[in-house]
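Here's a quick tour of a two-chain model for you to follow with the structure open.

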Amino acid sequence: MNWLAGVRTALLALRVNKLRSMLTMLGIIIGVAAVIVMIAIGAGAQARVEEQIKSLGSNLIILLPGSVTSGGVRMGAGSRSSLTEDDAFAIQREVTGVQAAAPTLRGTGQVVAGNNNWSTVFYGVTPEYFEVRNWVIAYGRGFEPADLSGSAKAVLLGETVARNLFGDSDPVGQVVRVRKVPMQVIGVLERKGQSLGGQDQDDVMLMPISSARNRVLGGNVAKLRSVGSISIKIREDADMTASEGEIRQLLRQRHRLQAGQDDDFTLRNLSEVLGAREESSRVMTLLLAAVASVSLLVGGIGIMNIMLVSVTERTREIGLRMAVGARGRDILSQFLVEAITLAVIGGVCGILLGVAGSYAIGHFAGWRIELRLESIALAVGFAGAIGVFFGFYPARKASRLLPIEALRYE
Amino acid sequence: MAQPLIVTRGISKVYRMESYTVTALREVSVEIAAGEFVAVMGPSGSGKSTFMNLLGCLDSPSSGDYCLAGEKVSELSGDALAAIRNRRIGFVFQNFNLLPRTSALENVELPLLYGGIAPAQRRVRALGKLQQVGLVERAGHHPAQLSGGQQQRVAIARALVNDPALILADEPTGALDTRTSFELMDLLQQLNRGGLTVVLVTHEHDVAAFASRIVSFRDGHVVGDARIRPDDARARLQAFEAEEAAA
């Protein structure tokens, strides 16, 4: 008996008991749909975390100056200005795993444009900063070497700042006053959205580090080259831990620290924190999928139940088929194909429901969902496997009937 | 005469229940030649149905040998028996045993399906047999849309479709009225005249009278084996029709 004929026979048999077949399939439909929806939601959450990591910059290490101890009172990270631009250049030059190191100065202040004003954070940066922190310029231009060497009065606005100061009009070419220093807007940064901590990453302004030091923050000679922090991007193929060690070594050397003396800087690996978050959201996805799989399992038991009933009900049919020449394995495959057909049709309906359900949840709950082909393939494969697994016992039971007993069954 | 189609030598069938055993058939030795029309008779519990099941390879004897067309069937495995049933034997049952919600054509095709015949050829052969039993124009009907006599004729077409050596009919007229019974027996007689061996189980003497030999069973033994001059089913049918017309 060939396969196609088997499927046809199975469909025929399933059509005879439409309601029962549908109810049996419902178990599989709900199971498959649940798996797909759960994975879509989990994958969506995961994708969000991944996106945040990306917006932060991947493989990111932040270097902060160490703390000052004054009369036994320790002032906390960054209170000392031990890091310099030269440290950043040295790191970039000498540590092989480093792709880019960007020194930054941070300041806050009121920005005024026409009759609007806004309080925001501004950073003095070098062109490397864009690479390290994954900033993209939406429109306008970036900083050029001349801007840095000449302490140009040029700023790039974050999306939030641009909106608050200029509304819908084009800010490029306009003049803003940052802490009363007039500067020309040369471009607007592309939107990044919220950070993991819920902060608005677009409420920011960037200017050349020299401009920030010389024109806005005002310098004291002792701190001439010092910077607030250094953001470092490690190459994709480099080992984070090894690079971290090298950077620490280099800085200790540059700062002439004795063995046993504490670091005068703090090194933070942000990607690691986010990696842990990503891991936890991945575990969450697995957990959701596992819970959903239970319903798939219950659906499978439903199939087994119905197939057992079906075998008993159709004992005489089995007997007749045997009388006209069906071998045990023909009967086995007939019932197995029937169970698999039930599971696969249920699986396909489940996919449709699952996909629709995922979009509906994404739309109404405002959650991000991510439908993945693998998860759909997995759900269907699982449904088919359930058909085979739970269909096998009833089918084997049918195939082992004795022809004469099956034929005389009342 | 050539080798008989059916030879049983001392076949017995014992059913083991939990606390006792039932011997349904005791040392039965029967030979049936190709082309015979045999009626197997006996009261219920006489062993005639058990004998029939053994002849049909639906069951295996507890002891003794059974040869069908020279092949020692009593030693074959389940799959080999299925193949014998498929190729050599056609069954006709009292309650027709057609698959419900399946067309007459597909019912007739069923043995060919298990015989591994290609779909196109299945169709041709099944239609040919339906033609032979006069139901080709009902090929697409489901059993529920056919009368009892028509259903039994579909069952006969199914029995014939693999061109078997032997037709086993178990009370084939049991669920039919007088007129359709005569029609059915007429059909079986014609098939028999065409060279087909027919073994018929019945408890009705009227029906057995259409056979050319009657084997009687009682308590698991053969108690009678007689050759008779068969009644002509067509003549009986015509007489019956005339009677009905007169009434």
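This is a predicted model: local features need pLDDT of at least 70, side-chain atom pairs count only at pLDDT 80 or more; totals for chains, interfaces and linings use all residues.

**Chain A**

- Chain A is built with 13 helices and 12 strands. Its radius of gyration is 33 Å, well over the 22 Å that the globule rule gives for 410 residues, so chain A is more spread out than a compact globule.
- Along its principal axes, the C-alpha trace of chain A spans about 105 × 55 × 40 Å.
- As for burial, 42% of the 410 residues of chain A count as buried.
- Take the contacts in chain A between residues at least 6 apart in sequence: 81% of them join residues at least 24 apart.

**Chain B as a whole**

- Chain B has 8 helices and 10 strands. With a radius of gyration of 18 Å, close to the 18 Å that the globule rule gives for 247 residues, it is as compact as a globular protein of that length.
- The C-alpha trace of chain B spans about 50 × 50 × 45 Å along its principal axes.
- Of the 247 residues in chain B, 47% are buried.
- For contacts in chain B between residues at least 6 apart in sequence, 68% join residues at least 24 apart.

**Strands in chain B**

- Strands of a sheet pair through backbone hydrogen bonds, either parallel or antiparallel.
- In chain B, you can trace an open sheet of 4 strands in the order β2-β1-β4-β5, with antiparallel pairing. Its edge strands, β2 (21-32) and β5 (71-72) of chain B, each pair on one side only.
- Inside that order, strand β1 (residues 6-16) and strand β4 (residues 63-68) of chain B pair in the antiparallel sense over 5 bridges. To spot this pairing, find B:I6, which stands opposite B:L68 in β4(B).
- Strand β9 (residues 213-218) and strand β10 (residues 221-227) of chain B also run antiparallel, joined by 6 bridges. One bridge to look for has B:R218 with its partner B:H221 in β10(B).
- What do β9(B) and β10(B) form? They make a hairpin with 2 residues between them, and B:D219 in the turn has a positive phi of about 50°.

**A helix and a loop in chain B**

- Helix α8 (residues 233-246) of chain B has 14 residues and reaches 20 Å from its first C-alpha to its last, close to the 20 Å expected at 1.5 Å a residue. This helix, α8(B), is hardly covered: 1 of its 14 residues is buried.
- B:S60 sits in the loop between α1 (48-55) and β4 of chain B. Is B:S60 buried or partly exposed? It counts as partly exposed because it has 19 C-beta neighbours inside 10 Å, while a buried residue needs 20 or more.

**Where the chains touch**

- The contact takes 18 residues from chain A and 20 residues from chain B.
- On the chain A side, α1 (3-16), α10 (315-323), α11 (328-365) and α13 (403-408) each supply at least two residues. The largest share, 5 residues, comes from α10(A).
- By class, the side of chain A that touches chain B has 12 nonpolar, 2 polar and 4 charged residues.

Definitions and conventions. Residues are numbered from 1 along each chain as its sequence is written. Chains are lettered from A and ligands numbered from 1 in the order in which they are written. Two strands pair if DSSP finds at least two bridges between them. Two residues are in contact if their C-beta atoms, placed from the backbone, lie within 7 Å. Ala, Val, Leu, Ile, Met, Phe, Trp, Tyr, Cys and Pro count as nonpolar, Asp, Glu, Lys and Arg as charged, and the others, Gly among them, as polar. The radius of gyration is taken over C-alpha atoms; the globule rule is 2.2 Å times the number of residues to the power 0.38. A residue is buried if 20 or more other C-beta atoms lie within 10 Å of its own, exposed if 12 or fewer, and partly exposed in between; C-beta atoms are placed from the backbone. The expected span of a helix is 1.5 Å times one less than its number of residues.
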